[in-house]
Amino acid sequence: MGRFYECHGHVMMRTEDYRASLERMSSFGISYFRDGGDAEGRTAEAKRWVLEHPELGIEYVTPVFATHRKGRYGDIVGRPFGDYKEFRSLIKEAASLGADFVKIMFSGIVTFKAFGELSCPPLEAGEIKELVNIAHGEGFAVMAHTNGKDAFMAAVEAGTDSIEHGVFIDEECLQALAESGSIWVPTLAAIIAFSGRSGSGDKARYTARPGFDAEITRLTAESHMASVRRGAELGAKIAAGSDSGAFGVPAGSGTLSEYALLWECGVPAESVIAVNELIRGRFRR
Ligand SMILES: [Zn+2]
């Protein structure tokens, strides 16, 4: 296996052509791609196509589609459930289509309109625990989209296998994470794309994505980088996933940017490689 892993990407986001995305990943030396889901479930087709093209040198895993509570965030990458029974049947359907793991949305997305604001309320801690238990009971590892400290803490306590994004978390969350078995995939590249950040360290410049406030996007990017820096100090397990395919995160180069950002936040390269490998070991059936 090559060294570069994309532990959180979307081959079908902002494109209709998963083949081009995967060929580009391959040309950048990326040998592992863990998808975050697609609403139409076309990642099942992408998975078959990758298996038919071993020359790409990519191992590709997918939840097929992600799942979210009806009325909450998640339509863009998955399908809704109204209750646990519906959640269980969605898992079974994804399994029949070749899902390697389960992806669940525990919170909204960062709005970048006000600092700390998310697009909808998070799931309750009890529900998070039950969803993780159900997925584990069906033999699946869980990848969970999670922002905000309450949902993050609940995700750690529920034994979520990998927690995605994790924007707006605090010291308590990071300490709990470091003491847990959960892996964190902070998707720095996707968060920082909104801030229009260029350069690095003291020389970083911020211009903001058009239509967004430069101060809010800069504060969000900096607070997220500070969380990753603190997580690294505490020895939390942090993996490289850029949210490739999302706004401002091109297939291939976006993944390499994530490695550079993790490096800038003080996450040791050997640790990233080891934790990526942990993801690869856990997120398969
Ligand atoms: Zn994603």
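At what angle do helix α3 (residues 84-96) and α4 pack, and how far apart are their axes? Here are some notes on that and on a few other spots worth a look in the viewer; please keep in mind that this is a predicted model.

1. **The α3/α4 pair.** The two helices, α3 and α4, pack at an angle of about 35°, and their axes are 10 Å apart. The crossing in which α3 passes α4 is right-handed. On the α3 side, the contact is made by Y84, F87, R88 and I91; on the α4 side, the residues are E130, L131, I134 and A135. If you select these residues together, you will have the whole contact on screen.

2. **A135, a residue of that contact.** A135 lies in helix α4. Is A135 buried or exposed? It has 25 C-beta neighbours inside 10 Å, and the cut-off for a buried residue is 20 or more, so A135 counts as buried. Leaving aside neighbours within four places in sequence, A135 is in contact with I91, V102, F140 and V142. R88 is 47 residues away from A135 in sequence, yet the C-alpha atoms of the two are 7.7 Å apart in space.

3. V102, one of the contacts of A135, belongs to strand β6 (residues 102-105), which is covered on both faces. V102 and I104 are buried on one side, while K103 and M105 are buried on the other. As a reminder, side chains in a regular strand alternate between the two faces of the sheet. Strand β7 (residues 142-146) runs parallel to β6, and four bridges join the two. M105 has H145 of β7 opposite it.

4. **The β1-β2-β3 sheet.** Here three strands form an open sheet in the order β1-β2-β3, with parallel pairing. The edge strands are β1 and β3, each of which pairs on one side only. From one strand to the next, the twist averages 10°.

5. Helix α6 (residues 171-179) has C173, L174 and L177 as its buried residues. Viewed down the axis of α6, these fall within an arc of 95°, so they line one face of the helix. In general, an α-helix has 3.6 residues a turn, so residues three or four places apart point the same way. On the other side of α6, E171, E172 and E179 are exposed. What do the buried residues of α6 pack against? Their partners are α5 (149-157), β9 (183-185) and α8 (214-234).

6. **Two backbone angles to check.** Most residues other than glycine have a negative phi. H165 is not a glycine, yet its phi is positive, at about 75°. H165 sits in strand β8 (residues 162-165) and is buried, with 27 other C-beta atoms within 10 Å. T187, also not a glycine, has a positive phi of about 45°. T187 is found in the loop between β9 and α7 (188-193), and it counts as buried with 30 C-beta neighbours inside 10 Å.

7. **F247 in its loop.** Where is F247 placed? This residue is in the loop between β10 (237-238) and α9 (253-264). F247 has 11 C-beta neighbours inside 10 Å, and a residue with 12 or fewer is exposed, so F247 counts as exposed. For orientation, P121 lies 126 residues from F247 along the chain, and their C-alpha atoms are separated by 23 Å.

Technical notes
Residues numbered from 1 in each chain as written. Predicted model: local features only at pLDDT ≥ 70, side-chain atom pairs only at ≥ 80, totals over all residues. Arc of directions from axis to C-beta. Contact = placed C-beta atoms within 7 Å. Pairing = 2+ DSSP bridges. Axes fitted to C-alpha atoms, helices over the stretch in contact; angles between N-to-C directions. Left-handed = near helix turned anticlockwise from the far one by under 90°.
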